Amino acid sequence: SFLTWDVRTTGVELVPSVPDLLAFFHADAPTFVRSPLARIVVDDGRRFLERSNQQYDVITIDPPPPVEAAGSSLLYSTEFYALARKRIRPHGIVAHWVPEFRGAEVVVRASVARAMAESFPHVRVFRSVEGWGYHFIASPSPIVIPPASVLAARMPARAVADMLEWGPAKTAPGQIGLMVGREVSLESLVAAAPGVPVLRDDRPYNEYYLVRRLLSSLR
C-alpha cells in the first residue's frame, strides 16, 4: 500500500516465508517487491528499529490479532513507543492498529491508550470503518487533517485504487470521510477503565488475561 504512493518503503517481517507468499494473496505483489523503492527485511520489528539509525516520515505497526497474544505487548508498550518516536521525523506519524473483536477487553484498550498518551504529545484515535478496532495516529507535532476532498486530490491514482479495494465507499472522498469521521477522544478510552495501569515492558497488561476473564465471568 505504501508503494502505491511512489515512496521509499521498508517492510519488516518476522517470518521468513511470508515475503515469498505475497503473490498468493496479491497477484501484483511481484511487481511491487521488485520496485527500486521497496525493501523487505526479515527481522523482529522492534529489534530492527533499535538497530537502525534511519528517520522515517511514517511508521505503521499492524500486529496480528488478538492483542492478548503472547509477546504482542512488546509492540504496544511505552518503551516501544519511545523507540518509534526516536525514529520518526519531527512531523512524522506513528500509526498503530489496535484490533478489537468479540470478547475484547475495554481494560486492554485503556492500557494501550494510556501508553500512547504518555509517549506522544499529540494522539488522534479513529474507530475502524468496519468496527475491527481502533487506529491510533500519534506524532510529536499537531496532527491536522484537511477536508476529505483535499486529501483525495493529493492521492496518486494507484493509492486511490488500493484504498477503495476494500470499500465500502465508491469514491476517494467518500472513503476518507468514513475513515476520519469516526474519531473518538483518547481521554474517553482511558476513562472507560480509570484504574488500569500504563502498558509497559515489565507490565504486559494485555497478556496473562485468563484470571481477568475468569474474575469477570464470576461477577
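**A look at the interior**

The protein has 10 helices and 7 strands; helices (H or I, at least four residues) and strands (E, at least two) are DSSP runs, numbered from the N terminus. Its radius of gyration is 18 Å, close to the 17 Å that the globule rule gives for 219 residues, so the protein is as compact as a globular protein of that length. That radius is taken over C-alpha atoms, and the globule rule is 2.2 Å times the number of residues to the power 0.38.

This is a predicted model, in which local features need pLDDT of at least 70 and side-chain atom pairs count only at pLDDT 80 or more, while totals for chains, interfaces and linings use all residues. Residues are numbered from 1 along each chain as its sequence is written, and side-chain values use heavy atoms, with hydrogens and water left out. Here pLDDT is the predictor's confidence in each residue, from 0 to 100. The protein averages a pLDDT of 91, and 96% of the residues score at least 70. Confidence is lowest in helix H10 (residues 210-218), at a mean of 69, and highest in strand E5 (residues 122-127), at 97.

Now let us go inside. Buried residues make up 37% of the 219 residues, where buried means under 20% relative accessible area, exposed over 50%, and partly exposed in between (1.4 Å probe, protein chains only). Residues 24 or more positions apart account for 70% of the contacts with a separation of 6 or more; a contact means heavy atoms within 4.5 Å.

Next comes the nonpolar core, a set of buried Ala, Val, Leu, Ile, Met, Phe, Trp, Tyr and Cys residues joined through side-chain atoms within 4.5 Å. The largest one has 30 residues, and those with the most contacts inside it are Ile59, Tyr81, Phe120, Val123 and Phe136. At least two residues of this core are supplied by each of H3, E3, H4, E4, H5, E5, strand E6 (133-139) and helix H9 (186-191). H5 gives the largest share, 5 residues. A second, separate core of 7 residues includes Met155, Ala159, Val160 and Met163.

Let us zoom in on helix H4 (residues 78-87). Its buried residues are Thr78, Phe80, Tyr81, Leu83, Ala84 and Arg87. They pack against helix H3 (45-51), strand E3 (56-61), strand E4 (88-99) and helix H5 (106-119).

Ser119 is buried, with a relative accessible area of 11%. Leaving aside neighbours within four places in sequence, Ser119 is in contact with Thr78, Tyr81 and Arg85.

Another serine to find is Ser139, in strand E6. At 2% relative accessibility, Ser139 counts as buried. The side chain of Ser139 reaches the backbone oxygen of Gly92 at 2.7 Å. Beyond its neighbours within four places in sequence, Ser139 is in contact with residues including Pro90, Ile93, Phe120 and His122. Phe120 is also among the residues with the most contacts inside the largest core.

Notes
A polar contact is a pair of N or O atoms within 3.5 Å; within protein, one must be able to donate a hydrogen and the other to accept it, and residues adjacent in sequence count only if both atoms are side-chain atoms.
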